[in-house]
Amino acid sequence: MQNWVKGAVIALVSVAGTLAISPMIRGPVEGRTPDTNVLRTADGKPNLNGIWQAVGSANWNLQDHQARTGPVLELGAILAVPAGLSVVEGNEIPYQPWAAAKQKENYENWLSRDPEVKCYLPGLPRATYMPYPFQILQTGNNDILMAYEYASASRVIKMGKVEPPPVDTWMGQSAGRWEGDTLIVDVTGLNDQTWFDRAGNFHSEALHIVERFTPVSPDLLDYQVTIEDPKVFTRPWKIQMPLYRRQDKGAQLLEFKCVEFVEEMMYGHLRKKTGNEKPFSAARMRWP
Amino acid sequence: MSLAIAATVAVAALVAAAGQEHAAPANTEVAKNWTPPRTPDGAPDLQGIWTNYTGTPFEVPDKSDKPEFYAGDLDGTGRGTGPSSFLNDTTDRQLTKATSLVVDPPSGRVPIMPWAEERRNYKLAHIQDDWVNFTAWERCITRGVPGGIFPAGYGSGYQILQSPGYVAIVYEMIHEARIIPLDGRPHLGGSFRLWNGDSRGHWEGSTLVVDITGYNDKGTVATNVATQRVRAIPQSEELHVVERFTRVDENTINYDVVVEDPKVFTSPWKVAMPLHREPDYQMFEYACHEGNRAVPNTLSGGRARDKGAPSTETQ
């Protein structure tokens, strides 16, 4: 075989192999030769500082989903659900049978059950791909802060060895380490109150996730998460999506203190009536 | 001169002018025989976990105070926020004891306009009517800036992290991550009215100076009972706050803050207090709104009262 043909075949095989292992790969595979185009800190680590955001509709539904009408008739196209390709490897979330039934029930009761409706803390990995920016603040040689615009949520990723989390929490405990150019974050101590998306995908307090943030270029991160929860799923599963740097001039996190936006919904029936209330219209709602 | 530098200089000049006008100089003297640490990019290093437990009352108490009304401090001693006032703090912290955290005016009393006290009194007397009468803390929105750094008695951890061009303060209570840009960018435009205002920082020697404007008028200057009479005092859109963080030794940041709001206070006033380094302090998630029973229970008590239910005192 001529050398150029051999080369082409090897290239094709290797591309096919990569695709077979992980059909959605857009960024580098872990362990790949470091990209010289990656920004670095003084000590040679990838520099992840900046404001990032997922673009896409994973927060609506991690899996393949068509566009559809939203829950409020009067909002027409505004709250209609955008279509999106699956971020789940193989598009299958391996629920145990009872859990598949519960997810369906969650979906049908989305508005009364989704913790996002009530401005509750988003948990992980959902915080990463909500439709709001988040900021990574990487210190010289220590902890890494990820601050999310949504609900003023944040987490400090402790680098190195950490004690087991003392209690379960909404945002869990994040322990980080570098593996080549990938920031690996092991998250444990999550409670069972958060969801993965607006489609009712859920987990138990046995959830354990491992996140991988790998810089692809100065303005693009590859985000992969392995999700395991033996109480809910039959096997670990993976999601992957790109995270983009916000390029807006003067970009900064702004306040999205949404508690204020849900008080009427949560407590309105308990307020003393003055007679001067601005009435709500009787919006027509239906879901699913 | 670049625009950024010009802006920094302008802000510094304004801050300096404000400082000369009404504030006693900050205690920014760094301890002898101690070399202040620097971050890898050469900035003064404030990083670590800090707490603000104190044995010093917020204000100097006065006979005219009604602590049982706004602070729940029945004996009116103006106690601080350490073990003497909060049983759940069982540590053996050595708490500082001074006359008051308010150091200017020299009386140790915040110069609150009468209307603002009346507003506070009305709101605190009507928390059973509407959630807007609570402070933003009970509503689980925020403790505000600078209110979030005033002592509360628990949940008092603050983690400071730094990257080139930024200082971030993670507040344990109400889980806020306040990110302060240091690149000299201007304040946000006037249409932004934020609960915590808009923070812009710069270094003056080893002192981090943060200038905050752009507040909404829904928040309050302080939220917790430990702030006594100042708790639930409203803030206006003209609130302007200048904070100074100076690490004076390995284990101490001197924090001082000048608060001015010409609609609420007759003159600017200043609080000075230390933040103590506590590397082993465990910051817990403060998922406040997620478990907020105070607001709905208080309101529902009010509606029961409206229907003639006996008050709890008679049961």
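Leaving aside neighbours within four places in sequence, with which residues is Ala168(B) in contact? Ala168(B) is in contact with Leu137(A), Leu145(A), Ala147(A), Leu161(B), Ala177(B), Arg178(B) and Ile179(B), where contact requires that the C-beta atoms of two residues, placed from the backbone, lie within 7 Å. This is a predicted model, in which local features need pLDDT of at least 70 and side-chain atom pairs count only at pLDDT 80 or more, whereas totals for chains, interfaces and linings use all residues. Residues are numbered from 1 along each chain as its sequence is written, and chains are lettered from A and ligands numbered from 1 in the order in which they are written.

**Nonpolar cores**

- A nonpolar core is a set of buried Ala, Val, Leu, Ile, Met, Phe, Trp, Tyr and Cys residues joined through C-beta atoms within 7 Å.
- A residue is buried if 20 or more other C-beta atoms lie within 10 Å of its own, exposed if 12 or fewer, and partly exposed in between, with C-beta atoms placed from the backbone.
- The largest core has 111 residues, of which Leu145(A), Ala147(A), Val167(B) and Ala168(B) touch the most other members.
- Strand β4(B) supplies the largest share of this core, 6 residues.
- A second, separate core has 5 residues, including Ile127(B), Trp131(B), Phe134(B) and Val295(B).

**Chain A**

- Chain A contains 4 helices and 9 strands; helices (H or I, at least four residues) and strands (E, at least two) are DSSP runs, numbered from the N terminus.
- Along the sequence, these elements of chain A follow the pattern α-β-α-α-β-β-β-β-β-β-β-β-α.
- Of the 288 residues in chain A, 34% are buried.
- Strands β5 (residues 173-179) and β6 (residues 182-188) of chain A pair in the antiparallel sense over 7 bridges; two strands pair if DSSP finds at least two bridges between them.
- The bridge partner of Trp178(A) in β6(A) is Leu183(A).
- The hairpin of β5(A) and β6(A) has 2 residues between the strands, and Gly180(A) takes a positive phi near 60° there.
- Strand β6(A) is also joined by 5 bridges to the antiparallel strand β7 (residues 208-217) of chain A, where Ile209(A) is the bridge partner of Val187(A).

**Contact between the chains**

- The contact takes 38 residues from chain B and 35 residues from chain A.
- On the side of chain B that touches chain A, two or more residues come from each of β3 (157-163), β4 (166-171), β5 (176-181) and α4 of chain B.
- Helix α4(B) gives the largest share of that side, 7 residues.

**Helices and a hairpin of chain B**

- Helix α3 (residues 114-125) of chain B has 12 residues that should span 16 Å at 1.5 Å a residue, and its end C-alpha atoms are 16 Å apart, which agrees; the expected span is 1.5 Å times one less than the number of residues.
- Ala116(B), Arg120(B) and Lys123(B) are buried in α3(B).
- Down the axis of α3(B), the buried residues fall within an arc of 70°, so they line one face of the helix; the arc is that of the directions from the helix axis to the C-beta atoms.
- The face of α3(B) turned away from the buried side carries the exposed residues Pro114(B), Trp115(B), Glu118(B), Tyr122(B) and Ala125(B).
- Strand β6 (residues 198-204) of chain B has 5 of its 7 residues buried, and β6(B) pairs with β7 (residues 207-213) of chain B in the antiparallel sense over 7 bridges.
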